[in-house]
Amino acid sequence: MENLSGIAVKGDPSPPTVQVMERDVDVAIIGNGPSGIFLSLLLSGHRPFYAGDHPDPFLSYKLKQQPQKSILDQDLQELSEGLEGRSNNQLALLMDTLLHPNADIGENLPSTLNWKCDQSKHISHVVIGDSQPGGSWHSMKGEIQSLSLGSWLELPQYSFQEWTTQNVGDRSCDVSSKRVTLGSVAKYYEDYVIEMGLQENMMNGVRVTKAIKCPSRVVCTIGSPKSCASPSSKLPPRPFKMHPCDLPMHTVDSGLILSERGGSSDPDTLSNYSCSSDSEDDGICCNNAAEKVLHDYKWCLKGTGKQGDVIVRAKNLVLACGIGDSPRQLGVGGEDAPFVCHRFSDFCQKLESIDPCYPVVIVGGGLSAADAVLLCLSKGHKVAHIFHQDAKDSSLIYNKMPQAIYPEYGRLLKLMNNEEQNEFYTAVSQSRVCEFTYGNCCTYKDNKEKTTTIPISLAGVFIGSETNLDFLPTRIGLQLAIDPFHPINAKTNPMDVDPITFESELFPSLYALGPLAGDHFVRFVLGSGLGVCRHLVDKLF
């Protein structure tokens, strides 16, 4: 017999020696990257106050009306009205312009915020990540330079410049207006958690395997005014957008265990016949009389780490897991061959031991592909760079980047356009990979349908990545995006959340941060943290 955590309980003839750590919190955050760390800072009681002297006179006027109130306690929607910038979210623009005034026109002005810590505002929470604080920054090639400037990657109260001075000891090294190495960014986030005293909120090195709704209602009563559908009711063959209470039901509220009145106890199957409404009503859901069992904790998370299993029960769940979990694949034959890499870290490791007589194939027209090409050239490897666009296509990201700021990508663009020659580089434009074979060969086809096969030593497929939300029940995962017929995409199809609170429109108590809410860059992901914290304060205090 096993309990919820999967750990043997009394009566098991052979209990395994597996440790389990359990924790009950108001908020569980999945993802320990910059957005998760910043939300932890706010939930720990740190509050931003307007310090004055913002160059936008209208915004400055609004902020001066209530100087004694923190930004978090004011009307965020009113403060952010009229702001324009490189994000589609108003709170992202508000936080960015307060921290980096006039950044988009090249000015490097100081922050207009002061911060104070009020321990009475602390909300119990835990930040869960499968690496050290910093998230995916730890999986990137350390010596590669960041796309953003150093000051755009920092978090409040502990600047990148301060960190550099402490770690390098060179006060004259101004990193605020320069690009920095990815390795230093990862170490900065790790040290930031220590500097701000957030360690006790961090659960590092833990991978979440399940995040399911705790039961707040049980099976609908037979003979109720409107009977529940039977478990055998056929579900729609495709994802669709509708309120969860309109779904065919067997249980009310997807949970961990079905009522004794019948049904499977497999948590993965519960969401198929469940109503996920969290409304505090009189026990009636979808016009069905239901027995009501109240629970403060709406979510139960299970994870695994080096120290054993982890169980976290939370009243609210925040997804801050970014979009780099699952690399996209081409979907061609042989893509699972050992010489084909989809993760940059794996590629870098294998690059050290390959046969230099054969070229390395790099597939993709984005920044990761560019970094892989540049890394190969720096180590003296021949490269065949396969991408499906024309090198002069304006949609190609390298054509949008100022060469004065990003000279390495400018040099690559010239190679792609054949404006410069390098005996170690071959551009294969307007082409697509057809197959990888176990004889270490790559076959590709150009836009004229001509097929070519070349022997290779290694292949790196870098065509983007997707968010892996497999730990959520299937029914919830299928309905999270604005367009539920397609996977979540930070640019084109983010999670369907309220633009001010960042709470899911269909699943109350579920929130999204950063890329899942539509923002990639660190300077913009902080706005979603501001909105989530404000809503949680209103809900919990």
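Analyst: Start with strand S12, which gives the most to the lining of the largest cavity, with three residues. The model is predicted: local features need pLDDT of at least 70, side-chain atom pairs count only at pLDDT 80 or more, and totals for chains, interfaces and linings use all residues. Residues are numbered from 1 along each chain as its sequence is written, and side-chain values use heavy atoms, with hydrogens and water left out.

Helices (H or I, at least four residues) and strands (E, at least two) are DSSP runs, numbered from the N terminus. The protein has twelve helices and 24 strands.

Now the cavity itself. On a 1 Å grid over the protein atoms alone, a cavity is a set of points where a 1.4 Å probe fits but cannot get out. Lining residues have an atom within 4 Å of a point. The structure holds one cavity of 30 Å³ or more. Its space comes to about 40 Å³. A volume here is the space filled by probe spheres set on the points, with grid points joined across faces, edges and corners.

Which residues line the largest cavity? They are Ile128, Met203, Val206, Val208, Leu301, Lys302, Gly303, Val310 and Val312. By class, the lining has seven nonpolar residues, one polar and one charged. Ala, Val, Leu, Ile, Met, Phe, Trp, Tyr, Cys and Pro count as nonpolar; Asp, Glu, Lys and Arg count as charged; the others, Gly among them, count as polar.

Next, a space that is open. A pocket is an open set of points with protein on both sides within 12 Å along at least five of seven lines. The second largest pocket has a volume of about 390 Å³. Its lining takes in 20 residues, and those nearest its centre are Thr467, Leu469, Gly477, Pro487 and Ile488. Strand S14 (326–327) and helix H11 (474–478) are the elements that give two or more residues to this lining. H11 supplies the largest share, three residues. Twelve of the lining residues are nonpolar, six are polar and two are charged.

Now turn to helix H10 (407–416). Buried means under 20% relative accessible area, exposed over 50%, and partly exposed in between (1.4 Å probe, protein chains only). Seven of the ten residues of H10 are buried, leaving the helix mostly covered. Those seven are Glu408, Tyr409, Gly410, Leu412, Leu413, Leu415 and Met416. What covers them? The cover includes strand S5 (145–149), strand S6 (179–181), helix H9 (367–378), strand S17 (383–386) and S18.

Asn418 follows H10. This residue has a positive phi of about 60°, although it is not a glycine. Asn418 sits in the loop between H10 and strand S18 (425–428). It is exposed, with a relative accessible area of 54%. Asn440 also has a positive phi of about 60° and is not a glycine. Its loop runs between strand S19 (431–437) and strand S20 (441–446). Asn440 is partly exposed, at 28% relative accessibility.

S17 and S18 lead on to a sheet. Two strands pair if DSSP finds at least two bridges between them. The open sheet has five strands in the order S15-S22-S16-S17-S18, with parallel pairing. Strand S15 (340–341) and S18 stand at the edges with a single partner strand each, so one side of each is left without a neighbour in the sheet. Four bridges join S17 and S18 in the parallel sense. In one of them, Ala384 has Thr426 of S18 as its bridge partner.

What about cysteines? A disulfide is a pair of cysteine sulfur atoms within 2.5 Å. The structure holds zero disulfides. Cys442 is in none, and the nearest cysteine sulfur, that of Cys434, is 8.3 Å away. Cys442 is buried, at 0% relative accessibility. Cys533 is buried too, with a relative accessible area of 0%.

Finally, the whole protein. Of its 541 residues, 51% are buried. Contact means heavy atoms within 4.5 Å. Among contacts with a separation of 6 or more, 70% join residues 24 or more positions apart.
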